Amino acid sequence: LSDITHLAVAVGPGSFTGVRIGMSLLKGLAFGKEKLCVGVSTLEALAYNLKDFIGIICPVMDARRDQVYNALFLSDGETLTRLTEDRAIPLKELENELKDKYSDKNIYLCGDGYDLASKSIDVSFANTPMLLREQNAYSVSLVALAKYKKNPENDYSDRNIKPVYLRVPQAERERLERLNAN
């Protein structure tokens, strides 16, 4: 750990527990050694797996309730350009967006929602190699490094790393439903 100068973590979206565990580990390692911490979008890290492909990169993570966590990126084979912010979107809405705006391009799916989206969305997807579909620490670290190099003057202390949740947790949704039912 003493040889490491920067730490990287995917800050979400993702499972509430998974994001919290990852961030807690990072903050614990960083705090004692005053390491720099760079948080990155889980969806951007997924898209980075496919940055060498040309077309629309469509990371999807199963958000349950017929929704996915998603963002869209355009890749020219070297650089990713973000087309949308990270979002929770119904599968049907994502299907309509892909058909309306990007039907003339290769569309690559990746993420743990790959099977769900490929079966639910009526769009012709390009073949994404199996090894590039899932999140990995290598892509998280490369996205973090690029982010740091772009803005090295930012405060990358552990106190500035915050989780990104695109929806209210299930326990909170259920609590609100009970309150509204009364």
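Tutor: Gladly! Helices and strands here are DSSP runs numbered from the N terminus, a helix being H or I over at least four residues and a strand being E over at least two. Glu 95, for instance, sits in helix 3, which covers residues 91-102. This is a predicted model, with residues numbered from 1 along each chain as its sequence is written. Local features need pLDDT of at least 70 and side-chain atom pairs count only at pLDDT 80 or more, while totals for chains, interfaces and linings use all residues; side-chain values use heavy atoms, leaving out hydrogens and water.

Student: Why does Glu 95 count as buried?

Tutor: Buried means a relative accessible area under 20%, exposed means over 50%, and partly exposed lies in between (1.4 Å probe, protein chains only). Glu 95 has 5% relative accessibility, so it counts as buried.

Student: Which residues does Glu 95 touch?

Tutor: Contact requires heavy atoms within 4.5 Å. Leaving aside residues up to four places away in sequence, Glu 95 touches Ser 120, Ile 121, Asp 122 and Val 123.

Student: How do you know that the span of helix 3 agrees with what its 12 residues should give?

Tutor: The expected span is 1.5 Å times one less than the number of residues. For the 12 residues of helix 3 that makes 16 Å, and the end C-alpha atoms are 16 Å apart, so the two agree.

Student: What puts the buried residues of helix 3 on the same side?

Tutor: The buried ones are Leu 91, Leu 94, Glu 95, Glu 97, Leu 98 and Tyr 102. They cover an arc of only 165° around the axis (taken from the directions from the helix axis to the C-beta atoms), which puts them on the same side of helix 3. Lys 92 and Asp 100, on the other side, are exposed. The cover over the buried residues includes strand 3, strand 4 (67-70), strand 7 (87-90), strand 8 and helix 4.

Student: What is in the largest nonpolar core, and which residues touch the most other members?

Tutor: A nonpolar core is a set of buried Ala, Val, Leu, Ile, Met, Phe, Trp, Tyr and Cys residues joined through side-chain atoms within 4.5 Å. The largest such core has 17 residues, and Cys 58, Leu 94, Leu 98 and Ile 107 touch the most other members. Two or more residues each come from strand 3 (54-64), helix 3, strand 8 (107-110) and helix 4. Helix 3 gives the most, with 4 residues. Not counting residues up to four places away in sequence, Leu 98 touches Cys 58, Leu 72, Ser 103, Ile 107, Val 123 and Phe 125. There is also a second, separate core of 13 residues, with Leu 43, Leu 50, Met 61 and Tyr 69 among them.

Student: What makes Lys 99 and Asp 122 a salt bridge?

Tutor: The criterion is a side-chain nitrogen of Lys or Arg within 4 Å of a carboxyl oxygen of Asp or Glu. Between Lys 99 and Asp 122 the N to O distance is 3.8 Å, which meets the criterion. This pair links distant parts of the chain, 23 residues apart: Lys 99 is in helix 3, and Asp 122 is in the loop between helix 4 (114-120) and helix 5 (137-150). At 34%, Lys 99 counts as partly exposed, whereas Asp 122, at 57%, counts as exposed. Salt bridges with shared partners join Lys 92, Glu 95, Lys 99 and Asp 122 into one network.

Student: How many salt bridges does a search of the whole structure find?

Tutor: The search finds 10. One of the salt bridges joins the side chains of Arg 82 and Glu 44, at 3.6 Å from N to O. Arg 82 lies in strand 6 (residues 80-82) and Glu 44 in helix 2 (residues 42-48), so this pair ties together parts 38 residues apart in sequence. Arg 82 has 29% relative accessibility and so counts as partly exposed; Glu 44, at 29%, counts as partly exposed too.

Student: Why does Lys 51 count as buried?

Tutor: Its relative accessibility is 18%, so Lys 51 falls in the buried class. Its salt-bridge partner is Asp 52, with the closest N and O atoms 3.1 Å apart. Asp 52 is exposed, with a relative accessible area of 55%.

Student: Which residues of helix 1 are buried?

Tutor: Those are Val 19, Met 23, Leu 26 and Ala 30. Their arc around the axis is only 65°, which puts them on the same side of helix 1. They pack against strand 1 (6-12) and strand 2 (36-41). The exposed residues on the other side include Thr 17, Arg 20 and Phe 31.
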